[in-house]
Amino acid sequence: MFARIRMIGAAMRETMKVCLDVKKSTDALLRSAYGSLTARQYLILAAVSEFSASASLTEVARENRLSTQAARMFVNELEQQGLLNVVGSQSDDKRKITIRLTDSGEEIMRACPESYSEIDHELVKERLKKIMFDADRFFQEWACSFR
């Protein structure tokens with residue numbers, strides 16, 4: 001059982017390295033085109049854009065699978081870069097803010113294509129499903145080994 005867990009673990013480490021390489025390449029591509037924009041920041045902009053260019057912090061956090069604290073950190077960075085505007089709430093609850101794309105943020109979202117025809121999206125989805133299945137199996141077997 002431990003040999004199988006080690007084998008799955010090795011495959012997971014390789015998969016995670018590939019994912020990190022993709023993120024690094026995406027960050028480099030976005031930075032070359034838009035200055036300091038990272039892949040995660042792009043996803044924050046995309047989340048706001050999906051909510052008709054105006055979203056709550058909770059919506060942005062949920063869409064990006066982040067805590068509201070982490071989402072606020074990214075929103076603050078993007079606000080400093082002039083890509084988002086943050087409008088505070090009328091109440092004392094600082095979590096209740098409205099986030100809007102600035103003209104510059106909207107320009108970036110218009111410039112980024114929705115998809116590329118040469119990418120086989122179904123193949124990418126299948127690979128991601130396999131990665132998630134392998135990750136789930138690894139963590140289940142690893143947890144069972146401690147019982």
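Helices are DSSP runs of H or I with at least four residues, strands are DSSP runs of E with at least two, and both are numbered from the N terminus. The model shown in every view is predicted.

View A. Read from the N terminus, the order of elements is α-α-β-α-α-β-β-α-α. The protein has 147 residues, and 27% of them count as buried. Its exposed surface comes to about 10,400 Å², of which 56% is supplied by carbon and sulfur atoms. Among contacts in the protein with a separation of 6 or more, 51% are between residues 24 or more positions apart.

**View B. The open sheet, in the strand order β1-β3-β2.** The 3 strands of this sheet pair in antiparallel fashion. β1 (54-56) and β2 (84-87) are the edge strands, each pairing on one side only. On average, and with direction ignored, neighbouring strands are turned by 25 degrees against each other.

**View C. The pairing of β3 with β1 and with β2.** Between β2 and β3 (residues 98-101), which run antiparallel, there are 4 bridges. T98 in β3 is the bridge partner of V87, and L101 in β3 is that of L84. β1 and β3 are joined by 3 bridges, also in the antiparallel sense. In that pairing, A55 is opposite I99 of β3.

**View D. The two faces of β3, one covered and one uncovered.** I99 and L101 belong to the covered face, T98 and R100 to the uncovered one. In a regular strand, side chains alternate between the two faces of the sheet. The residues listed for β3 can be read along the strand as T98 (uncovered), I99 (covered), R100 (uncovered) and L101 (covered).

**View F. The crossing of α2 and α4.** The axes of these two helices come within 10 Å, with a crossing angle of roughly 90 degrees. Because angles of 65 to 115 degrees count as roughly perpendicular, α2 is roughly perpendicular to α4. On the α2 side the contact involves R40, Q41, I44 and L45, which meet F74, V75, E77 and L78 of α4. Sorted by class, the contact of α2 with α4 has 5 nonpolar, 1 polar and 2 charged residues.

**View G. R65, a residue with positive phi that is not a glycine.** R65 lies in the loop between α3 (57-63) and α4. Its phi is about 55 degrees. Most residues other than glycine have a negative phi. Is R65 buried or exposed? Its relative accessibility is 73%, and the cut-off for exposed is over 50%, so R65 counts as exposed.

Key: Residues numbered from 1 in each chain as written. Predicted model: local features only at pLDDT ≥ 70, side-chain atom pairs only at ≥ 80, totals over all residues. Heavy atoms only, no water. Pairing = 2+ DSSP bridges. Axes fitted to C-alpha atoms, helices over the stretch in contact; angles between N-to-C directions. Buried < 20%, exposed > 50% of the residue type's maximum accessible area, 1.4 Å probe, protein only. Contact = heavy atoms within 4.5 Å. Areas by Shrake-Rupley, 256 points an atom, 1.4 Å probe, with all protein chains shown as cover. Parallel < 35°, antiparallel > 145°, perpendicular 65-115°, else oblique. Nonpolar A, V, L, I, M, F, W, Y, C, P; charged D, E, K, R; others polar.
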